[in-house]
Amino acid sequence: GLEMVLITGEVVRLGGKHLDTEGYDLLGLMTGSEGLLGVVTEVTVRILQKPATARALMVGFPTSEQAGKCVADIIAGGIIPGGMEMMDRPAIHAAEDFVHAGYPLDVEALLIIELDGPVVEVDHLIGLVEAIAYKNGASTCVISQSEEERMAFWAGRKAAFPAVGRISPDYLCMDGTIPRKELPKVLAGMRELSEKYGLRVANVFHAGDGNLHPLILYDANIPEELHKAEDFGADILRLCVKVGGVLTGEHGVGVEKRELMPEMFNEIDLNQQIRVKCAFDDKHLLNPGKVFPQLHRCAELGRMHVHRGQVPFPEIPRF
């Protein structure tokens, strides 16, 4: 649950110990509102019991498409990993040079898949995941045999962002989400865009939920490279929406993706969202200028068009 302050100064509490509430899902609305509807002052979470054991697999693939298909097959098989991350060749090499995690350097994509729970269940799931990996053409597969080895697998992935910072003067981190089955198609599309813009891209993904983090490498000292990187990033997000995904998974819309909102929502959709904003903050004082590409005064959204003195639907009582 959460506690928040509305623009009126009123303090409200949403959620509770139960999973769902009757009526509107205000907790979900506020959680995803990017500060447009109120200020969250307190968050209450439930702490889950730590699993009895956790082991990880480090799987290398000759192509990113094969790795993407492996991700889709694992989820389709009803297996829910504790974590499933993916890196492509540029990210693998940068991370290995940085932390020496023991990553294979002759692969195009690397999956790190963690399974947790009771020991017997984890052992069983590891066998299933290993079989799925080899069915999809895995060229290497290493299974952690100790906690130290498991942590070593994750060390490179967790250091991927600073590692990429060592191979490029600047990088732009994008954030889009796609249906997992579209991963091979989107990876191929990003390669084409990379050639079109003449900029390298290193990919790290939260593969388990389809959340992509392409890192577009550029040099801000070269005129126009920043603009090229921004255009490249916008095209990646358009591609995400085109395959049935969304503009963001974690980072939000804010200002950076504001002008891309019409790629995903039509004018009716956007006006409905603004009406929700108006219900909580009719003067647009909270986080002004964010998320919506075209600002409307709240009165504009409620106005009625009168043509030649004839109101629409004259039979409806007016108050």
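User: Great. What kind of model is this?

Analyst: It is a predicted model.

User: How many helices and strands does the protein chain have?

Analyst: The secondary structure comes to 11 helices and 11 strands.

User: And what box do the C-alpha atoms fill?

Analyst: Along the principal axes, they fill a box of roughly 75 × 55 × 35 Å. The protein chain has 319 residues, and 44% of them count as buried.

User: Which domains does the domain assignment give?

Analyst: The assignment gives domain 1 (2–43), domain 2 (53–167) and domain 3 (170–261). Between the centres of domain 1 and domain 3, taken over C-alpha atoms, there are 31 Å.

User: What share of the contacts comes from residues 24 or more positions apart?

Analyst: Counting contacts with a separation of 6 or more, 71% are between residues 24 or more positions apart.

User: Let's zoom in. Where is G68 found?

Analyst: G68 sits in helix α2, which covers residues 64–76.

User: Is G68 buried or exposed, and why?

Analyst: G68 counts as buried because its relative accessible area is 0%, and the cut-off for buried is under 20%.

User: What does G68 touch?

Analyst: Leaving out residues up to four places away in sequence, G68 touches M86, L183 and P184. For a sense of distance, E250 is 182 residues from G68 in sequence, and their C-alpha atoms are 20 Å apart in space.

User: How do α2 and α7 pack?

Analyst: Helix α7 spans residues 183–197, and α2 packs with α7 at an angle of about 155°, the axes being 8 Å apart.

User: Are α2 and α7 roughly parallel or antiparallel, and why?

Analyst: α2 and α7 are roughly antiparallel, because angles over 145 degrees count that way. Their crossing is right-handed.

User: Which residues meet there?

Analyst: From α2 there are S64, E65, G68 and K69, and from α7 there are L183, P184, L187, A188 and R191. By class, this contact of α2 with α7 has four nonpolar, two polar and three charged residues.

User: Now α7 and α8: how do their axes cross?

Analyst: Helix α8 runs over residues 225–242; the axes of α7 and α8 come within 10 Å and cross at roughly 155°. α7 and α8 are therefore roughly antiparallel to each other, and the crossing is right-handed.

User: Which residues make that contact?

Analyst: On the α7 side, V186, G189, M190, L193, S194, K196 and Y197 take part, and on the α8 side K228, D231, F232, D235, I236 and L239. The classes in the contact of α7 with α8 are seven nonpolar, two polar and four charged.

User: Back to α2: how do its axis and that of α4 cross?

Analyst: Helix α4 covers residues 119–135, and the axes of α2 and α4 cross at roughly 145°, coming within 9 Å. The crossing is right-handed here. C70, D73 and I74 of α2 meet V129, I132, A133 and K135 of α4. Five of the contact residues are nonpolar, none polar and two charged.

Methods
Residues numbered from 1 in each chain as written. Predicted model: local features only at pLDDT ≥ 70, side-chain atom pairs only at ≥ 80, totals over all residues. Heavy atoms only, no water. Helix = DSSP H or I, 4+ residues; strand = E, 2+ residues; numbered from the N terminus. Buried < 20%, exposed > 50% of the residue type's maximum accessible area, 1.4 Å probe, protein only. Contact = heavy atoms within 4.5 Å. Domains from an automatic or database assignment. Axes fitted to C-alpha atoms, helices over the stretch in contact; angles between N-to-C directions. Parallel < 35°, antiparallel > 145°, perpendicular 65-115°, else oblique. Left-handed = near helix turned anticlockwise from the far one by under 90°. Nonpolar A, V, L, I, M, F, W, Y, C, P; charged D, E, K, R; others polar.
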